[in-house]
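Me: I have a model open and would like to learn how to read its features one by one. Could you walk me through it?

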Amino acid sequence: MRFQCLVALLAAAAASTAAAPAVAQASFAAQFPARMLAAQNAERVRAGVAPLVWDNALGSVAAAYAQQMAMTGCFEHSNRQARPGTGENLWMGTHGAFPVEAMVGAWASEKRWFIPGIFPNNSRTGNWADVGHYTQMIWPTTIRVGCALASTPRVDYLVCRYAYKGNIDGRAVGYASR
């Protein structure tokens, strides 16, 4: 009887240990949209533009593309013709090493090179690509976002899709858009 109790306790402990990562993963998935939205909207507030709303359809297409990058190991923007009217931000980093706020923070850090004005003349470096993630995040006519994270054992791939797309030549972004 004592042996059966010990075996039952060990089995229960093993089951709860195995279930813990699944619970943590489910919790992360449930919190992911709100955390992504909060991180991006914090930057939009600082830029003086209206907050984004979460779009599940954009999140679904972002998930498909994130999975594609994870499966192929090819980190590059998707074909623009395949996503008309939709903007895209990408991030890649060591699996499990970065919270979503740090991922968005990498895009937000581009604001140190940002100059408000008419796109693409918005970078202190002279290269709009140095601020392109940030400008997409704060683009004044962008109103919806959906994001997804796909992983390999070594790498996390984040994709955010935006409607309506930003980074449009000849349009104001930043203080000039107020």
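Reply: Let us start with Leu52, which sits in the loop between α1 (2-47) and β1. Helices (H or I, at least four residues) and strands (E, at least two) are DSSP runs numbered from the N terminus. This is a predicted model, in which local features need pLDDT of at least 70 and side-chain atom pairs count only at pLDDT 80 or more, while totals for chains, interfaces and linings use all residues. Residues are numbered from 1 along each chain as its sequence is written, and side-chain values use heavy atoms, with hydrogens and water left out.

Me: Is Leu52 buried or exposed?

Reply: Buried means under 20% relative accessible area, exposed over 50%, and partly exposed in between (1.4 Å probe, protein chains only). Leu52 has a relative accessible area of 3%, so Leu52 is buried. Across the protein, 36% of the 178 residues count as buried.

Me: Which residues is Leu52 in contact with, leaving aside its neighbours within four places in sequence?

Reply: Contact means heavy atoms within 4.5 Å. On that basis, Leu52 touches Leu37, Gln40, Asn41, Arg44, Thr142, Ile143, Arg144, Val145 and Tyr162. Take Thr142: it is 90 residues away from Leu52 in sequence, yet the two C-alpha atoms are 7.3 Å apart. For the protein, 68% of the contacts with a separation of 6 or more are between residues 24 or more positions apart.

Me: How many helices and strands does the protein have?

Reply: There are four helices and six strands. From the N terminus on, they follow the order α-β-α-β-α-β-α-β-β-β.

Me: In what order do the strands form the open sheet?

Reply: Two strands pair if DSSP finds at least two bridges between them. Here four strands make an open sheet in the order β1-β4-β5-β2, with mixed pairing. β1 (53-54) and β2 (87-94) each have a single partner strand, so they stand at the edges and one side of each lacks a neighbour in the sheet. Helix α2 (residues 56-72) packs on this sheet and touches β1, β2, β4 and β5; its direction makes about 30 degrees with that of β4. For such angles, axes are lines fitted to C-alpha atoms, for helices over the stretch in contact, and angles run from 0 to 180 degrees between N-to-C directions.

Me: Which strand pairs run parallel or antiparallel?

Reply: β1 and β4 run parallel and are joined by two bridges, with Trp54 opposite Val145 in β4. Strands β4 (residues 144-151) and β5 (residues 155-163) run antiparallel, joined by eight bridges. Val145 has Tyr162 as its bridge partner in β5, and Ser151 stands opposite Asp156. As for cover, eight of the nine residues of β5 are buried.

Me: Which residues lie nearest the centre of the largest pocket?

Reply: Rolling a probe the size of a water molecule over the atoms shows where empty space is left. On a 1 Å grid over the protein atoms alone, a pocket is an open set of points where a 1.4 Å probe fits, with protein on both sides within 12 Å along at least five of seven lines; lining residues have an atom within 4 Å of a point. The largest pocket is lined by 20 residues, and Arg80, Arg83, Trp128, Gly166 and Asn167 lie nearest its centre. β2 and α4 (132-138) each supply at least two residues of that lining.
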